[in-house]
Every structure is written in structure tokens, then in C-alpha cells.
Amino acid sequence: MNNDKQDSHAPTEQDIPSTPLRRQAEDALRKTILSGRFQPGERLKERELMELLDVSRTLVREALRQVEAEGLIEIIPNRGPVVAVLTYEEAEEIYEVRGILEAQICTGFALRARSEHMQTLATTFDSLADAARRGDVEQTVALSDTFYDTIAAGCGNRLLGNMLRQLHNRIVLLRRTSLSAPARLPETLYELTQIFDALKARDEAAAGKAALHHVRQAARTALQVLRIRQH
């Protein structure tokens, strides 16, 4: 047997559990779903995804399995993959946990953030505020992620940040739901301004209170939208 031939065998997609190309396909599919391109409950067709992501059927199926594990899609017998639909009850639970976590990371940031974290937060907030004033929902959602990532990084508690990241995909879906209400974008900017001002002042009590208020207001709007959609 020629060992050189065996060693030179090029690995296939199936041989490598997590190739860069596979991760790229997963990231692209995740971003596409989170962008709102597909509606909740919409069926995802493999052929369409192959063309959209410009990858093989094997990579599409691997990416679908990954985003299913993350709760972004469901595999329904005799129908295939569909974009997950968050129920009213699930959304209530997510907002309850999100409120607790975000209040805690804001409190921690006010107490422990270093100057570089504060500078990054200020730059991000300026860009976020500009996007919100222009009515750019896509950019506002993206910069809100960066805003909270920065707060989590500076809060001094990695476990809190990890717990919040586990909810990230569903938080983004709900953020889009709440911002679909016309009046919600200016309200969001006002609430995030309250959070930022409290963090800048290193006022941990005000920061935690403002963060919890923001989540409760977002929950009120999103749950109203979900109630209408599900009836």
C-alpha cells in the first residue's frame, strides 16, 4: 500500500467537522435569517439557499443543522426547514431573562469599565444615534449589538456576557419585531441615551434602572406585535 497516496488524499467536506468554508456558510445563513430576509414560518428551500450562499448542498445542510441548534429554524416533518416562530410565551420568557442580564451588565460596566471600554462605547453610541435619527433600522439593530457587546466586555463578569450571548439570536429577532412598530425607533434612541448617560456618569443604580426600563418598553411593543400576528 502506498502511504504517500493516503497522506496526500485531499479531505472532503465530510472529512472535516468544521472547515472555514462551512463556518462561512453557517455565518452567512445566520446573518441572512437575522436580517429578516425570510419571514417567521417561511420554508427554506435548499436549492435557493445553495444559490444565495454560493455553496454546495452538503454545506447548506450542515449550516441548516447549526442554525437549528441555535433555535433560528425548525425542521418540520414532510415540510423541511422553516424559520422559527417565537411564541408570545417564549418572547415573554426571553424578555424577562434579558432584563435581568442587561441590568446587571450595565451595573457592572458603570462600576468596573476601563477608559478604553468607555471610549469604544461612546463611539458606538454616536454611530447608533446617527443611524436611529436617520431611521435606518438595519444599522440601528447592528450597532445595538455592538453597544451591548461593549458593555458586556467592560462589565467585569464574563459569565454574564456569555449568558447574554446565548440569547443573542432570539434577542435580535425580537429587536426587529419591536422596531417594526413605527414609533419604537425614536423611543429606543431616547432609552439608550438614558443608559449611555448613566454609564458615562458611572451611576450604577441609574444604569441598571435605565437598562431594565428599556427592556420592558421593548417587550411591551414586541409582545403587542406578536399578539396581533398570532391572532
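Biologist: Which residues line the second largest cavity?

Modeller: This is a predicted model, where local features need pLDDT of at least 70 and side-chain atom pairs pLDDT 80 or more, while totals for chains, interfaces and linings use all residues. Residues are numbered from 1 along each chain as its sequence is written, and side-chain values use heavy atoms, without hydrogens and water. A cavity is a set of points, on a 1 Å grid over the protein atoms alone, where a 1.4 Å probe fits but cannot get out, and lining residues have an atom within 4 Å of a point. For the second largest cavity, the lining is Arg 98, Ser 144, Tyr 148, Arg 175, Ser 178, Leu 179, Arg 184, Thr 188, Leu 192, His 214 and Ala 218.

Biologist: How much space lies in the largest cavity?

Modeller: The structure holds two cavities of 30 Å³ or more. A volume is the space filled by probe spheres set on the grid points, which are joined across faces, edges and corners. For the largest cavity, that space is about 130 Å³.

Biologist: Which helix gives the most to the lining of the largest cavity?

Modeller: Helices are DSSP runs of H or I with at least four residues, numbered from the N terminus. H7 (137–154), H8 (158–166) and H9 (168–179) each supply at least two lining residues there. With five residues, the one giving the most is H7.

Biologist: How many residues in the lining of the largest cavity are charged?

Modeller: Asp, Glu, Lys and Arg count as charged. The lining includes Glu 102, Asp 145 and Arg 165. Alongside four nonpolar and three polar residues, the number of charged ones is five.

Technical notes:
On a 1 Å grid over the protein atoms alone, a cavity is a set of points where a 1.4 Å probe fits but cannot get out, and a pocket is an open set with protein on both sides within 12 Å along at least five of seven lines; lining residues have an atom within 4 Å of a point.
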